[in-house]
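Please open the model in your viewer and keep the sequence panel beside it. The stops below are meant to be followed in order, selecting as you go.

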Amino acid sequence: MKPILQLFGLAHKFRGLSVLQGVNLEVHSKEITGLIGPNGAGKSTLFNVVSGFLLPQQGKILYEGTDITGWSVTQRSRAGLLRTFQTPQVFAQMTVQENLMAAGWLSTSSGFLNDMFSLPSARSDILKITERAEEVAERFELDSVWNIRAGDLPAGRQRLVELARATVGSPSLLCLDEPSSGLNPEEVDALRRALERLTETGISILLVSHDMELMAVASRVHVLCFGEIIASGNFTSVKENPRVREAYLGV
């Protein structure tokens with residue numbers, strides 16, 4: 001499968017301390033690629049570099065074959081590269097429907113004036129956004145809370161709302177930072193099913209998670225330790241790798 005994201009020799013230091021040391025990594029199209037590692041391994045820094053919140057001090061990032069190493073967060077998001085954060089970020093006073101539709105407006109051509117005067121282009125966009133939001137809500141099993149304010153939902157459901165909102169604009173690559181944090185087992189199952197369905201729609205996923213049951217959905221897993229990739233392969237082979245068991249599992 002052709003890679004949608006390629007990292008070449010990424011390196012970054014904080015106050016002289018090497019956090020990333022020549023990281024090479026590929027995320028293939030329409031697949032879930034996992035990234036695991038112990039605390040302090042450099043996962044958050046790598047995510048910040050990929051999403052544009054940090055610029056690497058060395059190395060290169062190719063996204064769909066284009067060098068985006070110096071691109072801003074906004075440029076990357078407009079190109080279809082989105083990320084989520086460890087703490088759920090939803091519009092608490094808005095309903096689930098409104099949260100999802102707000103994301104949809106970012107990907108339309110209609111402007112504020114078109115919407116205000118109910119011009120045909122805006123009416124067409126409203127219909128498309130509503131249909132897309134309903135489709136995504138069903139995929140994330142949120143249709144039952146469609147009209148409930150996001151802030152009134154349990155933390156686990158808020159996480160699913162955030163993830164659903166991120167997919168409304170049909171990103172090409174979705175970077176998920178600990179998406180199962182705060183979810184109960186039933187919600188983790190719902191998340192796993194949703195992620196599998198997302199790849200069927202053509203979305204590629206880079207997944208960081210300490211939840212090994214969730215990580216089992218990844219087609220390929222990379223292990224980061226002290227800023228270096230120490231192992232790559234399918235979930236089973238990585239889990240049984242002696243270096244991984246020593247560095248990550250403490251065996």
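Predicted model: local features only at pLDDT ≥ 70, side-chain atom pairs only at ≥ 80, totals over all residues.

Begin by selecting helix α7, residues 185-200. At 1.5 Å a residue its 16 residues should span 22 Å, and the end C-alpha atoms lie 23 Å apart, which agrees. Colouring by burial will pick out E187, V188, A190, L191, A194, L195, L198 and T199 of α7, which are buried.

Next, look at the two ends. At the start of α7, a side-chain oxygen of N184 reaches to within 3.1 Å of the backbone nitrogen of E186. After α7 comes G202, whose phi is positive, near 105°.

To display the contact, select G156, R157, L160, L163 and T167 on α6, together with E187, L191 and L198 on α7. By type, the residues of this contact divide into 4 nonpolar, 2 polar and 2 charged.

Is T199 buried or exposed? With a relative accessible area of 14%, T199 is buried, because the cut-off for a buried residue is under 20%. Leaving aside neighbours within four places in sequence, T199 is in contact with K30, E31, I32 and I205. A distance to draw here is the one to S172, which is 27 residues from T199 in sequence and 9.9 Å from it in space, C-alpha to C-alpha.

Conventions
Residues numbered from 1 in each chain as written. Heavy atoms only, no water. Axes fitted to C-alpha atoms, helices over the stretch in contact; angles between N-to-C directions. Helix = DSSP H or I, 4+ residues; strand = E, 2+ residues; numbered from the N terminus. Contact = heavy atoms within 4.5 Å. Nonpolar A, V, L, I, M, F, W, Y, C, P; charged D, E, K, R; others polar. Expected span 1.5 Å × (residues − 1). Buried < 20%, exposed > 50% of the residue type's maximum accessible area, 1.4 Å probe, protein only. Polar contact = N/O pair within 3.5 Å; in protein donor to acceptor, adjacent residues only side chain to side chain.
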